[in-house]
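I opened this notebook to record what I looked up around the ligand and among the charged side chains.

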Amino acid sequence: MAIQQKGMHGAWASRWTFIMAATGSAVGLGNMWKFPYVAGSNGGGAFVLVYLGCILLIGVPVMMAEVLIGRQGRQSPINSMRDAVAESDAKSRWRHVGWVGVAAGMLILSFYAVIAGWALAYIFEAASGELAGVSGDTAGAIFGSLLADPSRLIFWQSIFMLLCVGVVVGGVKKGLGVAVEILMPVLFVMLLLLLGFSFFRGNFSAAWDFLFNFNLQLLTWRGVLEAMGQAFFTLSIGMGAIMAYGAYMPQKANIGKTILIVAFFDSLVAIISGLIIFSIVFATQGIEPSAGPGLMFISLPVAFGGMPGGLLIGSAFFVLVSIAAWSSAISLLEPCVAWLIEAKDISRVQANLLLAGFAWVLGLGSVLSFNVWSDIKFAGLTFFDFLDFLTANIMLPLSGLLIAVFVGYVMKREFVDYQMQGTAPKILALWRLTLRYVAPVAISAVFVMGIYDKFFS
Ligand code: TRP
């Protein structure tokens with residue numbers, strides 16, 4: 001029963017590198033692409049309030065618990081979880097939590113690469129000049145023609161997958177650690193510039209009202225479930241990504257404070273992205289907030305296409321979206337790769353090719369769901385929508401619930417207290433209360449009501 005100081009994989013250079021890496025994982029398509037359209041199709045304001053509530057009351061405490069298990073185990077999530085279970089003398093059934101994570105990681109990566117492929121395609125779409133002066137309708141038609149063409153989608157999906165493999169093969173630590181420290185600040189600067197643009201050129205006040213006017217009537221239980229799912233998805237929790245990153249976190253760093261910073265950055269990027277996109281949506285004819293997954297790819301081209309030099313900025317923006325997606329996707333692949341190496345004794349290259357290849361093949365289902373298979377439905381959803389719903393709204397909250405219960409009730413107090421050293425007793429008590437009561441009750445309730453609302457009413 002060792003309390004480990006250092007793991008076999010080494011550690012991040014500093015707490016700041018962990019913050020950048022975890023932010024790199026958290027900030028991705030979930031913030032820039034998904035948050036605006038999910039908020040848009042759920043009526044805005046009230047959804048945003050529930051979303052932020054879920055981040056603070058459920059997301060942050062569960063994220064802390066996930067990091068804690070990782071830092072205690074100092075290995076891939078599955079093995080960290082296995083050790084935590086064994087050393088706490090818990091039932092071995094608890095080990096399955098790690099497996100839900102690996103499965104979720106593969107499923108998410110499969111469709112994530114397809115959507116990230118859209119962003120890659122739009123780098124060139126914008127640079128080519130085709131978007132110059134487009135109206136909302138034309139932008140919609142251009143996006144529609146991309147979706148209708150499986151070979152283009154597969155091409156960009158494959159490029160994105162190769163980019164991920166390229167990094168994970170080389171080991172995430174140095175490549176990723178250095179990359180995120182450069183890329184994340186650049187990302188923030190670009191976002192602020194675009195925020196400035198949308199403030200002066202878009203309908204900023206309408207966007208603000210849409211995101212912050214709380215009209216509770218528009219909110220359904222299904223919307224609440226989606227808000228909770230979005231909170232899990234955007235923070236990268238419930239899958240082991242943050243557990244893997246926690247394994248490399250310096251022992252001295254205070255988990256609570258560090259995670260609060262990551263969650264703050266993450267929420268900030270989501271809100272700013274929402275403000276940018278809705279300012280443009282409300283200033284443009286032919287686009288509705290409820291446009292769905294295409295929202296970003298229709299509204300931003302209109303803005304870029306209409307401003308001097310905008311196509312260049314637009315192209316750069318899609319570079320940044322791609323980068324954000326890339327630093328997130330790596331965190332989906334790495335935990336699975338690390339585990340396969342530990343368990344099957346194969347090389348890092350083999351593990352990468354196997355897992356990325358698997359996710360790529362599965363991704364073809366998502367590619368086809370936008371065109372050839374658009375009429376094939378699972379529980380009323382296309383293949384892509386089904387995977388998205390299954391992972392974000394079912395698998396992530398479920399494993400989040402189990403992580404909360406595990407750290408709250410099952411894990412040996414000694415480990416928990418050791419990892420939480422330096423935390424004020426009141427904060428610690430509050431955190432424990434949240435893990436033991438608030439998160440499990442809230443997750444279960446939202447779960448039951450949301451599923452009922454979506455499928456049975
Ligand atoms: N958080 C990322 C985003 O918002 C996606 C992501 C990366 C993720 N790693 C994850 C989601 C692990 C769930 C679990 O785009």
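The entries below follow the order of my look-ups.

I note that this is a predicted model, in which local features need pLDDT of at least 70, side-chain atom pairs count only at pLDDT 80 or more, and totals for chains, interfaces and linings use all residues. Residues are numbered from 1 along each chain as its sequence is written, and side-chain values use heavy atoms, with hydrogens and water left out.

Entry one: the ligand shell. I found 17 residues around the ligand, with Ala26, Gly30, Tyr112, Phe233 and Ser236 the closest; a residue belongs here if one of its heavy atoms lies within 4 Å of the ligand. I divided the shell into nine nonpolar, eight polar and no charged residues, Gly being counted as polar.

Entry two: polar contacts, that is, pairs of N or O atoms within 3.5 Å. I read 2.8 Å from a ligand nitrogen atom to a polar backbone atom of Phe233. For a side-chain N or O atom of Ser236, the distance from a ligand nitrogen atom is 2.9 Å, and for one of Ser331 it is 3.1 Å.

My search of the whole structure gave eight. One that I recorded joins Arg152 and Glu125, whose closest N and O atoms are 3.0 Å apart.

Note on methods: Polar contact = N/O pair within 3.5 Å; in protein donor to acceptor, adjacent residues only side chain to side chain. Salt bridge = Lys/Arg side-chain N within 4 Å of Asp/Glu carboxyl O.
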